[in-house]
Amino acid sequence: MAYSAEISRANPSCIVILIDQSGSMEDPFGQGAGKRKADGVADAVNRLLQNLVIKCAKSEGIRDYYYVGVLGYGDRGVGPVFTGSLAGRELAPISEIANNPARVEQRSKKVDDGAGGIIEQKIKFPVWIDPIYKGGTPMCEALRQAKRMISDWLHQHVGCFPPIVINITDGEATDGNPEDAAEQLRRMSSEDGNVLLFNLHISSSNHMPIEFPDSESLLPDNYAKLLFRMSSNLPDYMWSMVQEEGIIISDNPRGFVFNADLVSVIRFLTIGTRPSNLR
Amino acid sequence: MKICYRVFWLPKRGSSIEEYEDAFAPGAADGMLEDSNNELESKQFKCAVADGATETSFSGLWARILCKSYIDGELKISDNEILGQLQRQWFAEVSGRQLPWYAEEKLASGAFATIAGLTISEEKKQWSWSVTALGDSCFFQIRDKQVVASAPLSKWEDFNYNPALLSTRQASNEGILQEEKNESGQCKKGDVIYLMTDAISKWFLHRQALQGDAVSILENLNDKSAFAELVDEARNEKDSDGRPMMPNDDVTWTRISLS
């Protein structure tokens, strides 16, 4: 049965995040003076890395259940986007990520004070990537680089839980049609199943997000349809997780969100990277 | 009546003994040897197994605290005051250490464990058992090589990755405490009782359903190395869906026989 391999130190898995860093990422999420898309995505990815680290933390330290890479694509072409001492690293074990954030910021969050009020609480917020927004959208090249990285990974980890690639973008590719590169990525597999490619389209408009669609017909334009076709079907275990989040989905949805707002970006990243079988 | 008590346990494949996060009681600290028959003449006997959740930290410690509390007669899952004392005990043992940012964060989310506790007692020459359980650690009563009672689960299909777990955080226990299962029944000379954590419980029920020989297999095990061999084989063996018959998890089996 596919997607059932255990994720352990002896059999780690791999997550690759692709981030669109083109000029349009400077625009705000939704219309009006909201957070810039680039800032929102950087926060969401830093938060995702933090959650993965915490998931792999045990009393004795970090267990290397995952190797994680974050590639950006924009003005400078395609490349790894870690800053600080991990700069230039394509794929790093989660323990190295844990111990090498570029900095740990103090941020505040609002929490229930237990007496009907809200108080601000200081929290530590480790930062591994910074927001960047400039130039075009070389998405085809980003998918090809992800394929190369994962191909190397699969040679050394034939029985691993299949690698997961999440592509976060707000616009059309400027270096061709990415459908073929996406298909080649999805066609790779470990003994436990095919590589999963999920697409997260983020929006400057205030339209309602379309989460986990099961057919092209409901999507508003050709670009949305293209991203739908590029996305893997959700495996069964992830389907159950989406249901548990209270999202109503059909029997055969794709790992794709169109017009995502910040809430659905965070929710999608959480579901897309939640393990089913850590050992 | 004479009670014989014996424990077999192993960490996950690929993990060290120090990383074992199940727990059982009584154990060496209570004057009980794990790897030999402890013969007791007693009118009451208590034992417990617990399974600390892999995704949380210091969960083995929490599992040990729960087991110890059960055999000391203190643990009542639904009693918030007793639970609060145990939670404070866990917190006192893990706090005050210099920890990196992620370990601090992890600690704040607490530790989680399942628990199954068994009491065997005699009243007016009648012997009975009672079980308290939360989650998927299981009790099985065996008579004439047949399973005659089980709790809280009795079908292998009922095991999943999301059992009810008792937490060191009060807030995380909301909605969980009512999952506590209490069962009781009669027992007599010749009965054998197993308390097991989830991976071996699931294997036991699955093997028993498929081939009916899980009891015989376990009853024929004589020592630790035979147990390790069985676990190794069961972890390699696949069911019809291609999943391991015994998931790669910490494994604990306590065997109690009445004679």
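Start by selecting the two chains: 25 residues of chain B are in contact with 28 residues of chain A (contact means heavy atoms within 4.5 Å). You're looking at a predicted model, where local features need pLDDT of at least 70, side-chain atom pairs count only at pLDDT 80 or more, and totals for chains, interfaces and linings use all residues. Residues are numbered from 1 along each chain as its sequence is written, chains are lettered from A and ligands numbered from 1 in the order written, and side-chain values use heavy atoms, with hydrogens and water left out.

Next, pick B:Glu19 and A:Arg9. Their side chains meet in a salt bridge at 2.8 Å, N to O (a side-chain nitrogen of Lys or Arg within 4 Å of a carboxyl oxygen of Asp or Glu). Between chain B and chain A the count is 4 salt bridges.

Now colour helix 3 of chain B, residues 101–108: with 5 residues, this helix gives the most to the side of chain B that touches chain A. Helices are DSSP runs of H or I with at least four residues, strands are E runs of at least two, and both are numbered from the N terminus.

Last stop: the second largest pocket. Select B:Ala23, B:Phe24, B:Gly27, B:Glu34 and B:Arg64, the closest to its centre of the 15 lining residues. A pocket is an open set of points on a 1 Å grid over the protein atoms alone, where a 1.4 Å probe fits, with protein on both sides within 12 Å along at least five of seven lines; lining residues have an atom within 4 Å of a point. Which element gives the largest share of this lining? Strand 2 of chain B does, with 4 residues.
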